[in-house]
Amino acid sequence: MVFPKGFLWGGATAANQCEGAYDVDGRGLSRMDITTAGTLTERRQVTYTYPDGRTGKGLTIPTGAHGAVLPGEYYPNHDGIDFYHHYKEDIALFAEMGFKIFRMSISWSRIFPHGDESEPNQKGLEFYRNVFEELHKYGIEPLVTISHYETPLYLEEHYGGWNNRKMISFYTHYAETLFKEYRGLVKYWLTFNEINTTIMFLEMLGGKADDAAYQQAYQQLHYQFVASAQAVSIGHQISSDNQIGCMICGIVSYPLTPDPQDIMKNRHAWEQNIFYSGDVQCFGEYPTFSKRLWDAHDVHLDITDQDRADLKSGTVDMYTFSYYMSSTTTTHAVENDAQGNFSIGAKNPYLQYSEWDWADDPAGLQYYLEVIYDRYHLPLMIVENGLGAVDKVGADGSIHDPYRIAYMAEHIEAMEKAIANGVDLVGYTSWGCIDLVSAGTGQMSKRYGLIYVDRDDAGNGTFERRKKDSFYWYQNVIQTNGAAV
Ligand code: BGP
């Protein structure tokens, strides 16, 4: 048996994509509440109305923007899949599949509606306590992302979000509240979801980002690094059981040709997109290549000696990442571009592409695991992986998704190879284990779930849950600790 005893099999979600109940029990708005369907690379000025009737000033949403909010338009994240009211049913289904771990996130604005209050919203705290207790009833460990793309909107509007150093203390106050409140209930934590996308998304604008955009992104990232490091230190002080990880968007990149210029460009892409964030969070200091990255865009960081000390003392306990696809890098002009959400660049002729132009590349997962383990020697966890696809419900209510089973099977086999080669991989949580709103498209129809949810892009549907074929397949994989793949 290749998978170690106690391997953490499970699934993953994010609050803004599944909870719904966006204005219930004192919750404030988050930036994700004002997103609608569209494309990731657009930047638009959006205006919105707070639940209390106030109209916001209007924001330019820099990443993950799904387009302008138009009157009467549907906001998918407002309802999600109504996990807020279905969590017991959903957790029972996860338990039936045999989950050992469940990755979820906490909605910051459910705990601090504006983000800057000193006292938390008790109703918000209570909701997550109930969820954690429900998970423990079945012996499922929660893995909690503290911030998954959903900064409270108020902080964006009144403080400029992560452009402002004050965000560090708002975030650490929020994180400390969680560590204290859930001591004994939660021991696995992730500070920021896909922290590296702050920079990586600029690349996806296809060369349209100017130096000012890089200055802003590197500065935001620095404040997030410091906030993350301080949170790690606080979490360790509150409980020595806490294991706190970074979470990196792991898109593997290959040189498109053997041209040495492509090899060099690809190496630099890894440094900028993957190693920069991982090095700061795992080693506690900026790597030497940072100077090259900053000089390329005339970036000057607001960084203090105290920041450097905080980074050094707040290194993470584990390295976690999402993995869906690989990409290519080239200095040559290409015609064959992948242009799906989150994916851009020349298509790899050796790979198949999904409907959203995401390259199916299990070998890339093995490659990533081996490179990353060799660099950091920390326990690794894959906290997102899966196939977004359009599923069809048959006349008898069944959902046959052999494509999803095939995708997951080949990626789990890649994990086995990396483990056999010495990689300390401790867990795997499949993304969107239950259908939810897609982050990049804002749609329900791009589904990842092993459990189907009756909900469409326009917001119609009963929220009924149904088991897909992949549900039974994954149940068997978990039961046999990976042997039945
Ligand atoms: C990751 C995000 C998730 C998730 C996933 C799939 O980058 O952390 O929130 O949604 O991508 O992306 P999409 O929903 O666009 O298919």
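This is a predicted model: local features need pLDDT of at least 70, side-chain atom pairs count only at pLDDT 80 or more; totals for chains, interfaces and linings use all residues.
Strand β1 (residues 8-12) is largely enclosed by the rest of the structure, because five of its five residues are buried. Elsewhere, Glu-194 and Asp-298 are worth a look for their phi angles: about 40° for Glu-194 and near 55° for Asp-298.

**Strand β1 and its partners**
- Side chains in a regular strand alternate between the two faces of the sheet.
- In β1, both faces are covered, with Leu-8, Gly-10 and Ala-12 buried on one side and Trp-9 and Gly-11 buried on the other.
- β1 pairs with β16 (residues 425-431) in the parallel sense, over five bridges, and there Gly-10 has Thr-429 as its bridge partner.
- The pairing of β1 with β4 (residues 101-105) is parallel too and runs over three bridges; in β4, Arg-103 stands opposite Ala-12.

**Positive phi values**
- Most residues other than glycine have a negative phi.
- Glu-194, not a glycine, has a positive phi and sits in the loop between β6 (188-192) and α8 (197-203).
- Glu-194 has 25 C-beta neighbours inside 10 Å, so it counts as buried.
- Asp-298 also has a positive phi, and you'll find it in the loop between α11 (290-296) and α12 (305-313).
- Asp-298 has 10 C-beta neighbours inside 10 Å, so it counts as exposed.

**Around the ligand**
- There are 16 residues around the ligand, and Ala-14, Gly-388, Ser-438, Ala-439 and Gly-440 come nearest.

Terms used:
Residues are numbered from 1 along each chain as its sequence is written. A residue is near a molecule or strand if its C-beta atom, placed from the backbone, lies within 6 Å of it. Helices (H or I, at least four residues) and strands (E, at least two) are DSSP runs, numbered from the N terminus. A residue is buried if 20 or more other C-beta atoms lie within 10 Å of its own, exposed if 12 or fewer, and partly exposed in between; C-beta atoms are placed from the backbone. Two strands pair if DSSP finds at least two bridges between them.
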